[in-house]
Protein chains: 2
Amino acid sequence: MRELNERRKCILRAITDVYIDTAEPVGSTTIARKHNLGISSATIRNEMASLEEEGYVYQPHTSAGRVPSDKGYRYYVDVLLEIPEVTSEEYKKINQLAEYRKEAIEKTIRRTTKLLAELTEYVSVAVIPEHRNATFRHIQLVPLDVHNILVILVVDPGFIENRVLSSPRAFSPEQLDEISAYLNQQLRGKRGEALTKTLLSELNNIVPEARGLISSITDIIQSVLTDAKDDVVVVDGLLNILDQPEFQDLDRTKLVLSVLENRKVLSKVLSSLSRNSGLTVQIGEENESPELKDFSLVTATYYHCGHNLGTIGLLGPTRMTYGRAMSLVKEVAMYLSELFDLL
Amino acid sequence: MRELNERRKCILRAITDVYIDTAEPVGSTTIARKHNLGISSATIRNEMASLEEEGYVYQPHTSAGRVPSDKGYRYYVDVLLEIPEVTSEEYKKINQLAEYRKEAIEKTIRRTTKLLAELTEYVSVAVIPEHRNATFRHIQLVPLDVHNILVILVVDPGFIENRVLSSPRAFSPEQLDEISAYLNQQLRGKRGEALTKTLLSELNNIVPEARGLISSITDIIQSVLTDAKDDVVVVDGLLNILDQPEFQDLDRTKLVLSVLENRKVLSKVLSSLSRNSGLTVQIGEENESPELKDFSLVTATYYHCGHNLGTIGLLGPTRMTYGRAMSLVKEVAMYLSELFDLL
DNA sequence: TTTAGCACTCGTCAAAGACGAGTGCTAAGA
DNA sequence: TCTTAGCACTCGTCTTTGACGAGTGCTAAA
């Protein structure tokens with residue numbers, strides 16, 4: 001990408017700023033009036049024509065003003081944009097999330113997603129990491145009544161799984177304790193692979209009557225620790241996009257909403273982004289999925305002890321306020337990482 | 001409400017059926033043609049005028065056909081409608097919910113709500129009962145590490161609460177066991193009121209070092225068992241209403257969606273309905289909340305051992321397919337009740 | 001009591017035209 | 001060579017107009 005000269009930079013920035021603000025194609029006179037660059041509208045028109053030739057802006061129709069193209073937004077984000085600080089107001093709200101630190105990780109992420117949606121007018125998304133990288137921390141077997149056993153599995157970092165197992169046979173608390181004690185001793189800090197056949201048969205030897213129960217329990221552990229289930233995608237503020245002027249057309253909006261609602265597309269996109277690190281901006285057609293070609297996606301990954309945990313971000317029209325979105329997303333991801341490191 | 005004569009019944013039924021199907025005002029000729037009642041359109045026009053006079057139908061404008069009023073729908077539901085059986089297809093899907101029986105009650109209800117939304121083109125809603133009526137079943141304290149203790153509280157029917165407590169002091173597993181054993185022994189099957197000061201001070205005597213921890217734990221129990229938190233309202237298929245032809249106007253739709261999304265209104269309406277028993281149909285202005293005046297709400301309560309547990313239902317335009325909605329909601333509520341009785 | 005006939009109402013849709021925002025081009029000035 | 005005033009031109013938007021038709025209520029005859 002060739003450098004633009006200073007004047008064209010100014011004009012592109014002006015076009016983008018105004019368009020982000022108004023959602024209307026920006027004409028030469030508007031720029032000449034508002035951003036007094038000491039330049040007439042005619043000159044601006046000439047420069048605009050050049051910018052169009054180079055693909056930074058385009059005209060929706062002949063007699064309209066200019067709108068930034070994906071390439072234009074890209075240049076804007078990479079070169080022209082100054083990322084603002086988050087306001088103290090916002091900072092305060094983000095830090096209030098800590099009140100909920102006592103909940104499981106998943107709820108914290110949901111709450112954070114909600115906050116992002118509330119602070120912006122965009123759709124907030126997050127992947128709650130699958131447990132594939134999780135390690136065993138603790139298992140607890142609680143006899144609920146004669147036939148039902150509550151299995152509580154705690155994995156690192158911070159996930160808690162509850163399942164109820166029904167069994168025709170009754171087991172004594174001691175038997176259950178033996179099973180859980182053994183598992184806790186053997187598996188602590190380990191991954192799913194640690195659940196070997198040897199281990200299993202040894203456990204069966206210790207409590208031979210509980211063969212069936214043991215296999216159910218280890219199934220649960222296995223599935224929680226290693227199964228490649230789909231990442232959980234959290235979406236909040238879906239209806240925010242209804243307030244965006246580009247979604248006045250009901251049919252198109254319905255299409256878009258259904259794409260965002262069913263989550264498959266998002267799951268794919270976010271999962272692939274979670275391999276990146278730091279702050280990422282995907283603009284329009286840069287998105288992997290053609291369904292998102294009218295959207296931009298600002299994401300950041302959050303960590304647990306330096307370990308890539310998941311992705312959180314904002315999805316809006318390409319005409320989004322990149323600066324604010326980027327600063328918020330970054331701040332929130334950093335905050336989450338700090339929070340989880342305390343766990 | 002006076003009885004209508006047979007012919008008017010037929011005409012009202014025809015108007016309602018056709019209008020529910022097409023969402024277009026129904027003219028006299030349409031009825032004369034489709035439902036050959038052996039009667040001319042002119043006669044039907046006369047009868048329609050009478051029906052209008054009595055308030056069962058109205059004209060959106062002078063030269064339009066007739067549309068059922070709330071009163072008309074009410075008569076239709078009460079007198080004219082035959083409630084169909086659920087199809088075997090639907091029955092099968094409902095019964096597949098049982099596969100998830102092993103999960104906590106809350107998830108089952110969420111899943112059921114989702115199914116209702118998928119089976120219909122309406123918005124599916126449910127109240128997950130607050131725990132106010134819950135009784136204590138079991139508590140388990142799991143030391144996660146030196147400073148964090150996982151509190152697992154199981155209440156009847158079938159709710160499981162997880163909380164993590166951080167404590168500057170370390171406690172031995174034995175101490176934790178003493179606390180939980182005591183609580184389990186004293187509180188089993190009891191309500192929040194059982195958590196008396198006497199009990200608390202006795203517990204403090206048993207493990208005096210854990211005064212702070214004990215008060216955190218009992219706070220949790222207290223809040224889960226008795227605190228008047230808002231009912232959790234589950235909404236699914238919110239976007240289904242976008243497919244309804246009456247919601248083509250984007251502004252109105254946005255308004256409606258925001259009402260349904262924020263849940264306060266729904267919470268109020270559903271909570272008051274949960275006092276009813278059996279199948280309830282609220283039509284248009286019959287709804288407590290003016291925001292729902294264009295909607296009908298079909299709900300049923302579900303039970304646990306004869307005890308009123310919560311409400312589940314469907315929300316659609318007044319022009320909804322009452323028969324199918326009613327049969328589905330009823331079936332689903334019955335199914336849930338049976339399921340929970342097994343717990 | 002029913003119904004054919006007819007005048008009347010009124011919403012919808014498409015075509016036509018006014019309007020105006022914005023452009024590109026040209027030519028003159030710095 | 002760069003800038004800019006001027007101007008003709010384009011084209012989307014909004015409003016007006018009129019044709020169309022679905023549906024009505026009323027009247028009068030069967």
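Colleague: How many residue pairs between chain B and chain A are in polar contact, both at pLDDT 80 or more?
Modeller: This is a predicted model, where local features need pLDDT of at least 70 and side-chain atom pairs count only at pLDDT 80 or more, while totals for chains, interfaces and linings use all residues; side-chain values use heavy atoms, leaving out hydrogens and water. Residues are numbered from 1 along each chain as its sequence is written, with chains lettered from A and ligands numbered from 1 in the order in which they are written. A polar contact is a pair of N or O atoms within 3.5 Å; within protein, one must be able to donate a hydrogen and the other to accept it, and residues adjacent in sequence count only if both atoms are side-chain atoms. Between chain B and chain A, the count of such residue pairs is two.

Colleague: Which elements of chain B each supply at least two residues of the side that touches chain A?
Modeller: Helices (H or I, at least four residues) and strands (E, at least two) are DSSP runs, numbered from the N terminus. On that basis, the elements of chain B are β4 (135-143), β5 (148-156), β6 (159-166) and α10 (250-262).

Colleague: What area is buried between chain B and chain A?
Modeller: In contact (heavy atoms within 4.5 Å) are 28 residues of chain B and 28 residues of chain A. Buried area is the accessible area (1.4 Å probe) that two parts lose on being put together, summed over both. Carbon and sulfur atoms give 61% of it, and the area is about 2,700 Å².

Colleague: Which residue of chain B meets A:D243 in a salt bridge?
Modeller: A salt bridge is a side-chain nitrogen of Lys or Arg within 4 Å of a carboxyl oxygen of Asp or Glu. Two are counted between chain B and chain A. In one of them, N to O is 3.8 Å, and the partner of A:D243 is B:K254.

Colleague: How many residues apart in sequence are the parts that A:E286 and A:R74 tie together?
Modeller: These two residues form a salt bridge, with their closest N and O atoms 2.6 Å apart. A:E286 lies in the loop between β8 (279-283) and β9 (295-304) of chain A and A:R74 in helix α4 (residues 70-80), so the parts they tie together are separated in sequence by 212 residues.

Colleague: Is B:R8 buried or exposed?
Modeller: B:R8 pairs with B:E54 in a salt bridge (3.1 Å, N to O). Buried means under 20% relative accessible area, exposed over 50%, partly exposed in between (1.4 Å probe, protein chains only). B:E54, at 25%, counts as partly exposed, whereas B:R8, at 19% relative accessibility, counts as buried.

Colleague: Which element gives the largest share of the surface near DNA strand D?
Modeller: A residue is near a strand if one of its heavy atoms lies within 4 Å of it. Elements that each supply at least two residues are α3 (41-53) of chain A, and α2 (28-34) and α3 (41-53) of chain B. The largest share, four residues, comes from α3(A).

Colleague: Which side chain has an N or O atom 3.4 Å from a base oxygen of DNA strand D?
Modeller: Sugar and linking oxygens are a separate case, one of them lying 3.4 Å from a backbone N or O atom of B:S63. A phosphate oxygen is 3.1 Å from a polar backbone atom of A:S40. For the base oxygen, the side chain is that of A:R45.
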